[in-house]
Amino acid sequence: MNQNQRLKGQSAMITGANSGIGKAIALEMAKEGARVVINYITDEDAVQSMIEEIKSFGGTAVAIEADVSQEDQVKAMFIQMIKSFGTIDILVNNAGIQKDSAFIDMSLQEWQLVLNVNLTGQFLCAREATIEFLRRGPVPERSSALGKIICMSSVHQTIPWAGHVNYATSKGGVSMLMKSMAQELGKHKIRVNSIAPGAIKTPINRSAWGTPEAEAKLLELIPYNRVGEPLDIAKAAVWLASDDSDYVHGSTLFIDGGMTLYPGFSTNG
Ligand code: BGC
């Protein structure tokens, strides 16, 4: 457990929390005193060992299996969370996938799958969370906000990405979903923000950093000259979920070692 317990007494749902960035966020939020829902669709063993780890430092976690792109499963997941923890204070819309393909080879199924998980999944979870925030009403001793929603975007909400048009389009959509929700929900004191990670060492992009040659090539895109770690994102997510960031609303926090600084222009143009 971390000392100052910035999320004490709060309940957080992290989607796609069985690995990578989602896993790091779930562990870090639990260390800050939040009770966490670990949403997953695969890798039950990994999820069980996360629960053990969280218990070992005195935290509380439950695992809920649900495909975020399926409305009935999302609704059932929220019912189960509310049964377990009573409510939700923090939603981390993290679940996301890549199905990469050259544009002319991309099947409609690959296009739809990525849009369904990465964009529709965020809409479905954010809507259920919002319904619960409004039903429950404010709890000022827990947080100044009625609820917090953090959307996991990507540098590719801004940087076009050949060979990944489905993924880049989904993240462009997340950017506008987040901002439109923030505009609409701010009056209820629901705080909505995004994190846009750059290259972070997770299973989704192992081919880009898994060998020294691949990593060296990737570093050409990162002015700060290191590939990110899941904890780089998890620490920011804790801050964005806590009252320390209470006036941050409708923002995207880029955590990318400078990937969005157009490093190609440092020696060209
Ligand atoms: C993608 C990774 C990629 C990174 C930077 C992320 O959103 O999921 O595969 O390495 O962006 O390009």
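1. At 0% relative accessibility, C151 counts as buried, where buried means under 20% relative accessible area, exposed over 50% and partly exposed in between (1.4 Å probe, protein chains only). The structure is a predicted model, in which local features need pLDDT of at least 70 and side-chain atom pairs count only at pLDDT 80 or more, while totals for chains, interfaces and linings use all residues. Residues are numbered from 1 along each chain as its sequence is written, and side-chain values use heavy atoms, with hydrogens and water left out.

2. On the cysteines, the count of disulfides comes to zero, a disulfide being taken as a pair of cysteine sulfur atoms within 2.5 Å. C125 is in no disulfide, and the cysteine sulfur nearest to it, that of C151, is 10 Å away. C125 is itself buried, at a relative accessible area of 0%. For C151, likewise in no disulfide, the nearest cysteine sulfur is that of C125, at 10 Å. As background, a disulfide covalently bonds the sulfur atoms of two cysteines.

3. Which residues surround the ligand? They are Q98, S154, H156, W161, Y167, G198, A199, I204, N205 and M259, with a residue included if one of its heavy atoms lies within 4 Å of the molecule. By class, this shell holds five nonpolar residues, five polar residues and no charged ones. In this scheme Ala, Val, Leu, Ile, Met, Phe, Trp, Tyr, Cys and Pro are nonpolar, Asp, Glu, Lys and Arg are charged, and the others, Gly among them, are polar.

4. An N or O atom in the side chain of Q98 is 2.6 Å from a ligand oxygen. For S154, a polar side-chain atom lies 2.7 Å from an oxygen atom of the ligand, and for N205 the distance from such an atom to a ligand oxygen is 3.2 Å. The ligand taken alone exposes 310 Å², of which the protein buries 90%; accessible areas come from the Shrake-Rupley method with a 1.4 Å probe, and for residues only the protein chains shown count as cover.

5. S143 is placed in the loop between helix 4 (108-136) and strand 5 (147-152). Helices (H or I, at least four residues) and strands (E, at least two) are DSSP runs numbered from the N terminus. Is S143 buried or exposed? S143 is buried, at 5% relative accessibility. Its side chain is joined to that of K148 by a polar contact of 2.7 Å. Not counting residues up to four places away in sequence, S143 touches Q10, K148 and D243, contact meaning heavy atoms within 4.5 Å.

6. S245 belongs to the loop between helix 8 (230-241) and strand 7 (252-255) and is buried, with a relative accessible area of 1%. The S245 side chain reaches the backbone oxygen of W239 at 2.8 Å and the backbone oxygen of S242 at 3.1 Å. With neighbours within four places in sequence left aside, S245 is in contact with R191, W239 and L240.

7. M50 is part of helix 2 (residues 44-56) and is buried at a relative accessible area of 1%. Beyond residues up to four places away in sequence, M50 touches A17, N18, K23, A26, L27 and I38. Between M50 and E28, which are 22 residues apart along the chain, the C-alpha separation is 11 Å.

8. E65 lies in strand 3 (residues 61-65).

9. Most residues other than glycine have a negative phi. D43, although not a glycine, has a positive phi of about 70 degrees; D43 sits in the loop between strand 2 (35-40) and helix 2 and is partly exposed at 44% relative accessibility. Y262, also not a glycine, has a positive phi near 50 degrees. Y262 is found in the segment after strand 7 and is exposed, with a relative accessible area of 57%.

Methods: A polar contact is a pair of N or O atoms within 3.5 Å; within protein, one must be able to donate a hydrogen and the other to accept it, and residues adjacent in sequence count only if both atoms are side-chain atoms.
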